[in-house]
Amino acid sequence: MPALIRAVLAEHMKKDGNFFSMTFRNFAIKKTCLLLLIALVGFVQGLHANGRALFEEAYRIEKARPERAAVLYRQALDAGLTADLNKAARWRLYFLCRSQGWYLEAYETLKTVSHKASIEDSLMDDIKSQWGLRRQSFLN
């Protein structure tokens, strides 16, 4: 054992005759906290992994089963995604809803992402041509 470590241990033993039991108690607390932290990180990564799997499945079936893909995109967002995948899922959901004519859902999804005004204007043009509603009527 290096001399420095022996000196530190000797100093602590002089201060507290109960040094070793205190050290083991602190070690048990530290170990418990570390295990809880590892479990929490694993849980969060598991959520992101689950969200990613849902996102990938939604992307895969988007053309063949758009209704199911929309449900999967929403579940992926609820399950948790990385920042990039979260943004991608919101845009995929927006474009999917818009292409299917689900304008209310498309508008609600568009509000959750930053976008240019021209994108919202284009959506409002679609709503006007399909439903005959102007922007104010739709928003009311």
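This is a predicted model: local features need pLDDT of at least 70, side-chain atom pairs count only at pLDDT 80 or more; totals for chains, interfaces and linings use all residues.
**Entry 1: the overall picture.** I looked up the secondary structure and found seven helices and zero strands in the protein chain. Reading from the N terminus, I noted the order as α-α-α-α-α-α-α. Then I checked burial: of the 140 residues in the protein chain, 26% are buried.

**Entry 2: α3 against α4.** Next I picked a helix pair. How do α3 and α4 run relative to each other? I found that the axes of α3 (residues 66–79) and α4 come within 10 Å and cross at roughly 155°. An angle over 145 degrees counts as roughly antiparallel, so α3 and α4 are roughly antiparallel to each other. I logged the crossing of this pair as left-handed. On the α3 side, the contact is made by Pro-66, Ala-69, Ala-70, Tyr-73, Arg-74 and Leu-77. From α4 come Asn-86, Ala-89, Arg-90, Arg-92, Leu-93, Leu-96, Cys-97 and Gln-100. Sorted by class, I have nine nonpolar, two polar and three charged residues in the contact of α3 with α4.

**Entry 3: the loop between them.** I stopped at Leu-81, which sits in the loop between α3 and α4. Is Leu-81 buried or exposed? Its relative accessible area is 7%, and the cut-off for buried is under 20%, so Leu-81 is buried.

**Entry 4: α4 against α5.** I then followed the chain onward. Helix α4 covers residues 83–100 and helix α5 covers residues 103–110, and their axes come within 8 Å, crossing at roughly 155°. By that angle, α4 and α5 are therefore roughly antiparallel to each other. I noted that α4 passes α5 in a left-handed crossing. The α4 residues in this contact are Arg-90, Trp-91, Leu-93, Tyr-94, Cys-97 and Arg-98. Helix α5 brings Tyr-103, Glu-105, Ala-106, Thr-109 and Leu-110. My tally for the contact of α4 with α5 reads seven nonpolar, one polar and three charged.

Definitions and conventions: Residues are numbered from 1 along each chain as its sequence is written. Side-chain values use heavy atoms; hydrogens and water are left out. Axes are lines fitted to C-alpha atoms, for helices over the stretch in contact, and angles run from 0 to 180 degrees between N-to-C directions. Helices (H or I, at least four residues) and strands (E, at least two) are DSSP runs, numbered from the N terminus. Angles under 35 degrees count as roughly parallel, over 145 as roughly antiparallel, 65 to 115 as roughly perpendicular and the rest as oblique. A crossing is left-handed if the near helix is turned anticlockwise from the far one by less than a right angle, and right-handed if clockwise. Contact means heavy atoms within 4.5 Å. Ala, Val, Leu, Ile, Met, Phe, Trp, Tyr, Cys and Pro count as nonpolar, Asp, Glu, Lys and Arg as charged, and the others, Gly among them, as polar. Buried means under 20% relative accessible area, exposed over 50%, partly exposed in between (1.4 Å probe, protein chains only).
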